[in-house]
Amino acid sequence: MAYELLVLDVDGTLVNSHKQISDITRDAILECQENGIRVAIASGRCTEGIRHQAKEIHLDEYGGYIISFNGGRITNFQTGEVIYDIPLPKGMIHELYDYSVQEKTGILTYNEGKIVSHSDTDEYIVMDAKGCDIPIWVPEDFHRDVTFDGNKVILTGNPQQLEALEPKAAKDFEGRLSVYRSEGFYLEMMPLGVDKAYGVSKLLEQLGYRRSQIVCCGDGFNDLPMIEYAGLGVAMDNAPEELKQLADYIAPSCDEDGLVDVIERFIKDW
């Protein structure tokens, strides 16, 4: 099978447990692009939060793509052109803010390269800000000051709390939002039907590729849709067992340069 597009999650896939892209992984991805394989990053992060990794693997040089917000936006990293963008329903951010107060969770969303949140001390929000290398803005009055629609909202809290809240939130917003956890402490509130597989499908339309021509690699719960959608769905060995059971192939962990194994085994035929 000739694969034409390699789609990579960031945390736990492209980067290792030290949040770094190893030299051998970077070089393998560059070799792919030099030989005509398209590369895209698919992440739950905002677009700005992936810029360093995208630059490090030269997506700007080779015309690669960023699928951000768990499939809510697609950007050509070379030109900066946004080729697809789907926001939350109008007013939904305010409704979700009230819901977070009711359920006693944290809340964050993104706008213009910033995290917008109820707090700049919530440990899970600070973690996201550091991972994305972007600042946190705490509006004085959330309802008054937040005037944008945004691509997604994340509710934050300890894993036990969000595990219990996930089915309740899915029922409370049934028919209006897609609800799922990306990490134990992040509950994603997305436009209905939008996930990484949805974003990948929109990129395929742009490029004219078929599902059978793509390899998708990931390690998190939010990677499952694109892993099941891809011609070859790859779970890293550091992924949860549920994810590995549904993947076509289990690669070595992110700390063992698992992407190099995938490229050598399935993509490299030049």
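In which sense do strand 9 and strand 11 pair, and over how many bridges? In this predicted model, strand 9 and strand 11 (residues 186-191) pair in the antiparallel sense over four bridges. The bridge partner of I154 in strand 11 is E188.

**Strand 9 and its neighbours**

Strand 9 spans residues 153-156, and both of its faces are covered. V153 and L155 lie on one side, I154 and T156 lie on the other, and all are buried. Strand 6 (residues 106-111) is also joined to strand 9, by three bridges, and the two run antiparallel. Here G106 stands opposite T156 of strand 9.

**Strand 12 and residue V215**

Strand 12 is largely enclosed by the rest of the structure, because five of its five residues are buried. I214, C216 and G218 point one way from the strand, whereas V215 and C217 point the other way. Strand 12 pairs with strand 1 in the parallel sense over four bridges, and C216 is the bridge partner of V7. Four bridges also join strand 12 to strand 13, and these strands run parallel. In strand 13, C216 has G233 as its bridge partner.

| Strand pair | Sense | Bridges |
|---|---|---|
| Strand 9 and strand 11 | antiparallel | four bridges |
| Strand 6 and strand 9 | antiparallel | three bridges |
| Strand 1 and strand 12 | parallel | four bridges |
| Strand 12 and strand 13 | parallel | four bridges |

V215 belongs to strand 12. Its relative accessible area is 0%, and V215 is therefore buried, the cut-off being under 20%. Leaving aside residues up to four places away in sequence, V215 touches Y3, L5, L6, V7, L232, V234, V262 and I267. By contrast, T121 is 94 residues from V215 along the chain, and the C-alpha atoms of the two are separated by 38 Å.

**Helix 11 and its packing**

Helix 11 comprises residues 258-267 and is mostly covered, with seven of its 10 residues buried. The buried residues are G258, L259, V260, D261, V262, I263 and I267. These residues pack against strand 1 (5-8), helix 1 (23-34), strand 12 (214-218), strand 13 (232-236) and strand 14 (249-251). Two of the buried residues, V262 and I267, are among the contacts of V215.

With helix 1, the axis of helix 11 comes within 8 Å and crosses at roughly 30°. Helix 1 is therefore roughly parallel to helix 11, and the crossing is left-handed. On the helix 1 side, the contact is made by I24, T25, A28, I29 and C32; on the helix 11 side, by L259, V260, I263 and I267. By class, this contact has eight nonpolar residues, one polar residue and no charged residues.

**Helix 4 and helix 7**

The axes of helix 4 (residues 92-103) and helix 7 (residues 159-172) come within 13 Å and cross at roughly 135°. The two helices are therefore oblique to each other, and helix 4 passes helix 7 in a right-handed crossing. Y99, Q102 and E103 of helix 4 meet Q161, L165, K168, A169 and D172 of helix 7. By class, the contact has three nonpolar, two polar and three charged residues.

Note on methods
Residues numbered from 1 in each chain as written. Predicted model: local features only at pLDDT ≥ 70, side-chain atom pairs only at ≥ 80, totals over all residues. Heavy atoms only, no water. Buried < 20%, exposed > 50% of the residue type's maximum accessible area, 1.4 Å probe, protein only. Contact = heavy atoms within 4.5 Å. Axes fitted to C-alpha atoms, helices over the stretch in contact; angles between N-to-C directions. Parallel < 35°, antiparallel > 145°, perpendicular 65-115°, else oblique. Left-handed = near helix turned anticlockwise from the far one by under 90°. Nonpolar A, V, L, I, M, F, W, Y, C, P; charged D, E, K, R; others polar. Pairing = 2+ DSSP bridges.
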